[in-house]
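Please look through the sequence and the model shown here before reading on.

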Amino acid sequence: PSSIVTSGLIIQLLVGSKLINVDQSKRRDRALYQGAQKLFGMLVTLGQAVVYVVSGMYGDVNTLGAGNAILIIVQLFVAGMVV
């Protein structure tokens with residue numbers, strides 16, 4: 001699943017378990033909820049990109065070098081934002 005779906009499920013789980021209080025009848029709460037969901041989606045995307053590179057999916061990090069590893073992470077993050 002995409003990162004926005006994953007973040008949406010996690011945020012809904014937190015709201016359902018009353019760890020986060022959201023009143024869907026209030027416009028401000030809805031806006032904050034959607035903003036938090038998008039921000040968490042971005043963090044999940046960045047986390048996945050880092051894990052992919054560090055785990056060696058694109059080659060050994062020592063062989064890639066720090067610059068190339070960072071470029072791959074940025075590329076994966078931007079691609080995740082487009083999708």
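## Terms and basis

The expected span of a helix is 1.5 Å times one less than its number of residues, and helices themselves are DSSP runs (H or I, at least four residues) numbered from the N terminus. This is a predicted model, in which local features need pLDDT of at least 70, side-chain atom pairs count only at pLDDT 80 or more, and totals for chains, interfaces and linings use all residues. Residues are numbered from 1 along each chain as its sequence is written, and side-chain values use heavy atoms, with hydrogens and water left out.

## Helix H4

Helix H4, residues 66-82, has 17 residues and reaches 24 Å from its first C-alpha to its last, close to the 24 Å expected at 1.5 Å a residue. Within H4, Ala69, Ile72 and Ile73 are buried (under 20% relative accessible area, with exposed meaning over 50% and partly exposed in between, for a 1.4 Å probe and protein chains only). These residues cover an arc of only 100° around the axis, and therefore lie on the same side of H4; the arc is that of the directions from the helix axis to the C-beta atoms.

The buried residues of H4 pack against H2 and helix H3 (61-64), with contact meaning heavy atoms within 4.5 Å. On the face turned away from the buried side, H4 carries the exposed residues Ile70, Leu71, Gln75 and Val82.

Thr45 is found in helix H2, residues 27-54, and is buried, with a relative accessible area of 6%. Not counting residues up to four places away in sequence, Thr45 touches Ser3, Leu76, Phe77, Gly80 and Met81.

Gln37 also lies in helix H2 and counts as buried at 19% relative accessibility.

How values were computed: Helix = DSSP H or I, 4+ residues; strand = E, 2+ residues; numbered from the N terminus.
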